[in-house]
Amino acid sequence: MMATEHHPQVALVTGAGYGLGQAIAVRLSAMGCHVYGADLFPEHLEETQRLIQSRGGVFSRYVFDVTHPHEWEEWTSFVLDGGAGLHILVNNAGGVAGQVHQDIEEVGNDDWDTVLKINLYSVFYGIRAVAPVMKAQEYGRIVNISSGAGRSHSLTGIQAYTSAKAGQIGLTRQMAAELGPHGITVNNVAPGFVRSNPTTEKQWQAMGETGQNQLVASIPVRRLGSAEDIAAVVGFLASPEAGYVTGQVVSADGGLQMF
């Protein structure tokens with residue numbers, strides 16, 4: 001079931017309070033979607049709502065923890081109660097939960113589990129929650145946000161983050177094969193280094209001027225990416241025009257990883 005001019009598509013975006021998630025929410029709203037944004041922090045969602053409404057868009061806030069499967073079910077029900085369906089899911093929420101590199105023998109079980117739950121389990125929960133709805137309408141777009149770390153290795157050396165993002169890529173491909181016959185595409189965007197949140201800003205400052213220059217020089221287009229750069233790729237993959245693209249990993253990194 002495709003949305004019409006009078007019934008815009010409904011898009012769900014996790015981690016929509018700031019950074020990449022906020023830019024993605026704004027982009028999808030500009031495409032005419034009614035965006036449902038979720039985050040742990042209501043004050044961040046208020047800013048995203050302000051941005052979208054100032055541009056004439058429609059945004060609905062929802063506060064929940066993406067690592068809790070029952071909360072996914074509740075959010076999906078909340079969206080469907082709006083009566084306009086559910087067409088797009090962007091699994092953007094993720095991160096390192098404040099962790100820094102430790103030698104493998106020092107990594108605790110809880111630290112490992114926390115990062116996997118945020119970056120991999122949450123994506124599984126999200127796809128599982130929306131799949132029945134998208135199957136019933138024979139249409140859907142699912143976009144997962146991975147990382148260059150998932151394709152290669154973590155620049156900050158966090159083993160769980162690399163593993164979770166790599167697992168997310170595998171899940172993306174498996175779900176593309178499973179859901180494709182139902183008119184549902186599933187793709188993955190692997191951003192390069194983007195100064196989009198306090199964590200990445202801290203990492204950037206920690207590099208020092210020499211490290212910063214070396215990083216930029218290693219990128220063929222010779223600049224860091226912006227949140228809007230990533231949102232543009234997500235916007236295409238979430239659009240009806242991307243109906244013949246599925247199971248793909250798009251490295252939005254200025255050419256840093258060419259494979």
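The chat below goes through helix packing, a cavity and a pocket in a predicted model.

Student: What should I know about the numbering and the model before we start?
Tutor: Residues are numbered from 1 along each chain as its sequence is written, and side-chain values use heavy atoms, with hydrogens and water left out. This is a predicted model, where local features need pLDDT of at least 70, side-chain atom pairs count only at pLDDT 80 or more, and totals for chains, interfaces and linings use all residues.

Student: At what angle do helix 1 and helix 8 pack?
Tutor: Helix 1 (residues 19-30) and helix 8 (residues 227-237) pack at about 50°, with axes 8 Å apart. Helices here are DSSP runs (H or I, at least four residues) numbered from the N terminus. Axes are lines fitted to C-alpha atoms over the stretch in contact, and angles run from 0 to 180 degrees between N-to-C directions.

Student: Is that parallel or oblique?
Tutor: That angle makes helix 1 oblique to helix 8. Angles under 35 degrees count as roughly parallel, over 145 as roughly antiparallel, 65 to 115 as roughly perpendicular and the rest as oblique.

Student: Which residues meet there?
Tutor: G19, L20, A23, I24, R27 and L28 in helix 1 meet A227, E228, I230, A231, A232, V234 and G235 in helix 8. Contact means heavy atoms within 4.5 Å. These residues divide into nine nonpolar, two polar and two charged. Ala, Val, Leu, Ile, Met, Phe, Trp, Tyr, Cys and Pro count as nonpolar, Asp, Glu, Lys and Arg as charged, and the others, Gly among them, as polar.

Student: And how do helix 1 and helix 2 pack?
Tutor: Helix 1 and helix 2 (residues 42-54) pack at about 30°, with their axes 10 Å apart. The two are therefore roughly parallel to each other. On the helix 1 side the contact is made by Q22, A25, V26 and S29, and on the helix 2 side by H44, E47, T48, L51 and I52. By class, that contact has four nonpolar, four polar and one charged.

Student: What about helix 4 and helix 6?
Tutor: Helix 4 (residues 109-137) and helix 6 (residues 159-179) pack at about 15°, with axes 8 Å apart. Helix 4 and helix 6 are therefore roughly parallel. Among the residues in contact are W112, F124 and K135 of helix 4 and Y161, G167 and L179 of helix 6. The contact has 14 nonpolar, five polar and two charged residues.

Student: New topic. How many cavities are there of 30 Å³ or more?
Tutor: The whole structure has one. On a 1 Å grid over the protein atoms alone, a cavity is a set of points where a 1.4 Å probe fits but cannot get out, and a pocket is an open set with protein on both sides within 12 Å along at least five of seven lines; lining residues have an atom within 4 Å of a point.

Student: What volume does the largest cavity have, and what lines it?
Tutor: Its volume is about 60 Å³, meaning the space filled by probe spheres set on the points, with grid points joined across faces, edges and corners. The largest cavity is lined by Q99, V100, H101, Q102, V107, G157, I158, Q159 and A160. That lining has four nonpolar, five polar and no charged residues.

Student: And the second largest pocket, what lines that?
Tutor: The lining includes V96, G98, T156, T199, K202, Q203 and A206. About 220 Å³ of space lies in this pocket.
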